[in-house]
Amino acid sequence: MSEDTSPHPSKPQPTGITAVLSAILASNPASAVVPVVPADTLDGIIERVRAARANSVQLLVPEGIPALQGRRSFTALRLILQRDGITIMVISPDANVLEAARASGLETMEVGNASPPRPATAAPDTPPSARPVIDERDAAFLRALDQASSQEPYAELSEADATFAASLDDFSEAVAAVSQPAPEKRTSLQGVDSSRRVSAADIRLSPEEERRAATYDTERRSTPLPRRTANQRHSAAPTMRTAGRTTAPARTGDRTMFIGIVVAVLIVALLIAFGWYQANQTSIIVRPPVVQSRSQPFRDEIIPITTADPGANPSSIQAAVVQADATFTAQGQVTSETLVPAGRAMGQVRIVNTIEQPFPIPEGAELLGLNPDGAEVRFLIEGPATIPAAVTTVSDRGRSTTYGEIVVNVVARSPGSASNVGANALTQLLIPGTQPIVSDRSNLLIRHEAIGGGSEQMQRVVTEADVQRILGEALTGLYNTGMERLARQIDQNVLAIDPTTIFPSSIDLAQPEAYDPPLIEPPIGQPVDPVNPVFRLTVSTRFSALATPRDRLVDRQLELVVPQHFLQRDALCNAGERVGFDVSGWRWDGSKLMINGAVTCTEYGVITADTLNQIKRSLVGASRDDAETILQQFAQQGLIGDYSLPAIQTLPGFDFLIDVRLASAS
């Protein structure tokens, strides 16, 4: 597909301030141009500058901008944008604006009206002897210049804006020679030194092309611009002028784009290389060898507790003591029947008094005897009683005595058939506070028939096994209830209950002394309702714990507190030894925090740089198993101590990807 080289209408080429700003943007791609209009406020100007997303901004300020008439406005503008890393250049024809900007520390550039037009340059009569072939894109550019419209570029602007734009055009032409970029490198032409770059001045045009260019230049310069008078041209001359004017290369944009592409490719390549290095770089940590080490164990070392912030070097734990009472009731069921005593033995006993004075029997008196198996049995006398005195009578037939006697109701103390006794098996009267009275060996005689009524039957009664079956559930519920009660007493947005300090812990609750004696209803050995054979077990205790800041539980605080706690004492280790602290555990008993562990004093050796380099060279391309073997050999030789390898199967095959680091001995 051939390229269409026929002339097409094109837009007018940039002139004046547009060319200057194009040159600035070409030389610094990170810059931007922000025009200011009279309606803009200071906040609006700042937002527009930020929206340009450039590190360097040229601010075009016409005359009469209310927001930028004082030094304080420019100072605020500079300070706010300076925090965003943005530098500002103020371009304006307004002397007051420029003076305020300079006083605020901003770079400025003054512009005015254009200078009188220069006469057109006549085309040369004869072409140069050596005329190189013009590149097709350059030829197309020249044809576009021939077709460019010569209409007035400021026709649609107001008179004030057109004057300001024309003055900026004159300024851009004045600095064009200073700001024009270096010419693009092209293919070496005949008659041109190949050691230097070819510029637009090295291109020779044909007579026809030169006549057309001269005609276009003459028409453009001889046509007067509207709204601009000779008086305005001379009264507002630009502050910067250059004697010679050179035309910027037509392919500046192409060269800038090419440079940008090259820079972008280099940045992407560097990022890819950096990512590859980061992905393949491997670190091996080695520690110095231990020359000697000794340990001083400690047990139940009490660590102080404070509610205030202990500072950067704390010697006490920051925590608050929290306590709560908890109770939990679990319900169990009796699942099996047991043969248990049911009926009690009951009967009557006759007690005979052989002396001539009454004998009182108080409340709570008992009769004691043996059952057929020889086991001791007790019977309770129901209610108090008095045995009448014996009565002696004298007659012609002689002297006779009638003993006093009483019959009392008795019931066995214990139920069951074991309380059944035979006739006259009860032989002792037990009165509280006195010695036992034995029948037939004192003034009392105890007589009775066989007493029965004690029996057994199958019933559901509470047993120890039933209680143990639900005790674990009850203690778990008790622990959870205690945690809820403790949590309610703190601000959980700031503090947290350290679970390692809860007392009693779930392990402590395995011991009966950690909680109050349980309450069992009905008690062990008592029958339950046959229709609903359930019983209840209630356990209770007081819980205690430490509430610490949420981000600093006890274990984290001990890392700083333990060294400070011990370092307040005399020297723990000798000179040249490193002191270390190993905390193996801690516990809170409800009143104090105690820790167990040891203080270690260790003397370390030195790993030389040659050893580190030797390790690196030995590990290049090694498998993980081989690397383990190599490092163990270094450790056995006493050159290194402990080490750690990354979780990879094979180490990199280049030594610059292996980083052998020396860990600090602690």
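Is Val262 buried, partly exposed or exposed? Val262 counts as partly exposed, because its relative accessibility is 35% and that class lies between under 20% for buried and over 50% for exposed. The model is predicted.

## A nonpolar surface patch

Val262 sits in helix α9, which covers residues 252-280. Val262 also belongs to a nonpolar patch on the surface.

## A three-stranded sheet

Now turn to a sheet. Strands in a sheet pair through backbone hydrogen bonds, and the pairing is either parallel or antiparallel. Here, three strands make an open sheet with mixed pairing. Their order is β28-β5-β29. The edges are β28 (643-644) and β29 (658-662). Each has a single partner strand, so one side of each lacks a neighbour in the sheet.

Strand β5 spans residues 282-286. Five bridges join β5 to β29, and these two strands run parallel.

## A buried serine in a loop

Where is Ser419 found? Ser419 lies in the loop between β18 (404-412) and β19 (426-430). Ser419 counts as buried, because its relative accessibility is 5% and the cut-off for buried is under 20%.

Which residues does Ser419 touch, leaving out those up to four places away in sequence? They are Ala345, Val377, Phe379, Ala412 and Ser414.

Technical notes: Residues are numbered from 1 along each chain as its sequence is written. This is a predicted model: local features need pLDDT of at least 70, side-chain atom pairs count only at pLDDT 80 or more; totals for chains, interfaces and linings use all residues. Side-chain values use heavy atoms; hydrogens and water are left out. Two strands pair if DSSP finds at least two bridges between them. Helices (H or I, at least four residues) and strands (E, at least two) are DSSP runs, numbered from the N terminus. Patches are made of residues with over 30% relative accessible area and no salt bridge: like charges are joined within 9 Å, nonpolar side chains (Val, Leu, Ile, Met, Phe, Trp, Tyr) within 5 Å. Accessible areas come from the Shrake-Rupley method with a 1.4 Å probe; for residues, only the protein chains shown count as cover. A salt bridge is a side-chain nitrogen of Lys or Arg within 4 Å of a carboxyl oxygen of Asp or Glu. Buried means under 20% relative accessible area, exposed over 50%, partly exposed in between (1.4 Å probe, protein chains only). Contact means heavy atoms within 4.5 Å.
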